[in-house]
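Open the model in your viewer and keep the selection panel at hand. This tour goes stop by stop, saying what to select and what is there.

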Amino acid sequence: MEIMERLQKVRKSGLTFAVEGGSQRLRDAINKNVTEEDLLNTCRIAFEGGWNSVKLYYMLGLPTETDEDIIGIAEMANQVLHCWRTYAKNKNRGVKITVSTSCFIPKPHSPFQWEAQISIEEYLRRVNLLRSSIVARNVTYNWHDAETSLIEAVLSKGDRRVADAIEEVWRQGGRLDAWTDYFSFERWMRAFEKCGVDPAFYANREIPPDSVLPWDHIDVGVRKEHLLHEREMCYRSELSPDCRKQCSACGAARLLKGGRCDG
Ligand code: SF4
């Protein structure tokens, strides 16, 4: 509440919550330490404090995600709406609940570095499932486009062969591609084809854990065994302990002065 009051003094914009996963099981699997209770409590405080705009952000395609988890996103949005109906001070202004999703992009040096990104077709199937599950009028659903996420996954998991394609995009006029106005999916696909890069090979293929990864020569401290262990915990939907309270010796400390993390 204190932070919200301070925010209010500057600009009363909407509040955004990065919930990431539509069920507690999935949030535990990815170590997202947010419960439905946390979210609803915060929304209650916001609605009591006069806020009437809430954005809920999720990812689709997280490892272990099921259709049930996706439907859970719509159910959560309904709960937030119910919360507004119960606690909002001024209901005349109405409420705006926005659900946003983007496609999960596996990242190097994370427990999901071996994972495949779901295909564009599968992402759109999940988007449609969510879209048809959101029925309340006050809930708007926006989704990040699938093409950009595919390119991001290729860049994320690419090796040095992808460098030629990046250069080719630049030669074909690609600039400031993070801006939708400038982004051209076709230009990327043309460049991939010209350079012999198959985007699905990088984005949509699960890498066997014993493979040499393109970024293996970069030592960020955390041991591969630790990442694999965290990945296994994800598959079992188990939360990892907060390492500020219980160190699981990930390996990062050895790069720090004195060889230890002081939290
Ligand atoms: S406390 Fe440091 S060494 Fe231990 S798990 Fe956390 S980051 Fe790794």
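Stop 1: Select Gly196. Just after α8, this glycine takes a positive phi of about 70 degrees. Helices here are DSSP runs of H or I with at least four residues, strands are runs of E with at least two, and both are numbered from the N terminus.

Before moving on, two ground rules. Residue numbers start from 1 along each chain as its sequence is written. The model is predicted: local features need pLDDT of at least 70, side-chain atom pairs count only at pLDDT 80 or more, and totals for chains, interfaces and linings use all residues.

**Stop 2: Val197.** Select Val197, in the loop between α8 (185–194) and α9 (199–203). Is Val197 buried or exposed? It counts as buried, because 22 C-beta neighbours lie inside 10 Å. The cut-offs: buried takes 20 or more other C-beta atoms within 10 Å of the residue's own, exposed 12 or fewer, partly exposed anything in between, with C-beta atoms placed from the backbone.

Now show its contacts. Leaving aside neighbours within four places in sequence, Val197 is in contact with Arg161, Val162, Ala165 and Phe192. Contact means C-beta atoms, placed from the backbone, within 7 Å. Then draw a C-alpha to C-alpha distance from Val197 to Glu152: 14 Å in space, 45 residues apart in sequence.

**Stop 3: the buried side of α8.** Select Trp188, Ala191 and Phe192, the buried residues of α8. They sit on the same side of α8, because they cover an arc of only 100 degrees around the axis. That arc is taken over the directions from the helix axis to the C-beta atoms. What do the buried residues of α8 pack against? Color α6 (146–157), α7 (161–171) and α9: these are the packing partners.

**Stop 4: two non-glycines with positive phi.** Select Leu176, in the loop between α7 and α8. Leu176 has a positive phi of about 50 degrees although it is not a glycine. It counts as exposed, with 8 C-beta neighbours inside 10 Å.

Jump to His109, in the loop between β3 (96–103) and α5 (120–133). Its phi is positive too, about 65 degrees, and His109 is not a glycine. With 15 C-beta neighbours inside 10 Å, His109 counts as partly exposed.

**Stop 5: Gly21.** Select Gly21, in the loop between β1 (15–20) and α2 (24–29). Gly21 is buried, with 25 other C-beta atoms within 10 Å. Beyond residues up to four places away in sequence, Gly21 touches Leu26, Arg27, Ile30, Lys32, Tyr58, Leu62 and Asp69. Check one of these: the C-alpha atoms of Gly21 and Lys32 are separated by 8.1 Å, eleven residues apart along the chain.

**Stop 6: the ligand.** Select the residues around the ligand: Cys243, Cys247, Ser248, Ala249, Cys250, Ala252, Ala253 and Cys261. A residue qualifies if its C-beta atom, placed from the backbone, lies within 6 Å of the molecule. The shell divides into seven nonpolar, one polar and no charged. Nonpolar covers Ala, Val, Leu, Ile, Met, Phe, Trp, Tyr, Cys and Pro; charged covers Asp, Glu, Lys and Arg; the others, Gly among them, are polar.

**Stop 7: zoom out.** Color by domain: domain 1 (1–144), domain 2 (152–213) and domain 3 (219–263). These bounds come from an automatic or database domain assignment. The C-alpha centres of domain 2 and domain 3 lie 30 Å apart. Switch to cartoon for ten helices and four strands. The C-alpha atoms fill a box of roughly 60 × 50 × 40 Å along the principal axes. Buried residues make up 26% of the 263 residues.

Terms used
Two residues are in contact if their C-beta atoms, placed from the backbone, lie within 7 Å.
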